[in-house]
Amino acid sequence: GLVLKISRHEVEWPLIVNLLVLLFTAVGITLLGMVVMVVAAQHMLATIEEAWEKGKEAVEQQKESFEALLSSLFPKFASERLMAGDHHIAVDVPKVAVLMSNLVNFAEIVTSLNSMDLLHWLGYTFGVMDHVAEHFRVYKVKTYGDM
């Protein structure tokens, strides 16, 4: 038969070297995976922060729109109290005058004018009413057409 004379040292060192190469490769792959995970986590965090900021901006815009709507519907003191969360607002006013106006034949007037003339007529008519209300420091509650 064939007899090989190999020392223990000749067998162990290649095995140890191969195990070390395998170990360092595994550590390197693990570290690379960790780096990739950290980069991905940073990217996800940046995406979440960006979405959060956009959401905050959208909420702020909606709040401003809501405040503008309240201010157009109610006197300043009432809209401020509503925005502060007050749901029960009652004010005693010793002297009140109410003016209700009606544009007679409004529907007929509207249908008889072309769109540009109608726009000018409405702007003038309601502009005069707004000017009079402002001149007398009267709070105008609502402006609307035929129901």
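**Before you look.** This is a predicted model, where local features need pLDDT of at least 70, side-chain atom pairs count only at pLDDT 80 or more, and totals for chains, interfaces and linings use all residues. Residues are numbered from 1 along each chain as its sequence is written, and side-chain values use heavy atoms, leaving out hydrogens and water.

View 1. The protein has a radius of gyration of 40 Å, whereas a compact globule of 147 residues would be near 15 Å (taken over C-alpha atoms; the globule rule is 2.2 Å times the number of residues to the power 0.38). Along the principal axes, the C-alpha atoms fill a box of roughly 125 × 45 × 25 Å.

**View 2. The secondary structure.** You get four helices and zero strands here, in the order α-α-α-α from the N terminus. Helices (H or I, at least four residues) and strands (E, at least two) are DSSP runs, numbered from the N terminus.

**View 3. Alanine 97 in its loop.** Alanine 97 sits in the loop between α2 (76-83) and α3 (106-112). Its relative accessibility is 76%, so alanine 97 counts as exposed. Valine 138 is 41 residues away along the chain, yet the C-alpha atoms of alanine 97 and valine 138 are separated by 9.4 Å.

Conventions: Buried means under 20% relative accessible area, exposed over 50%, partly exposed in between (1.4 Å probe, protein chains only).
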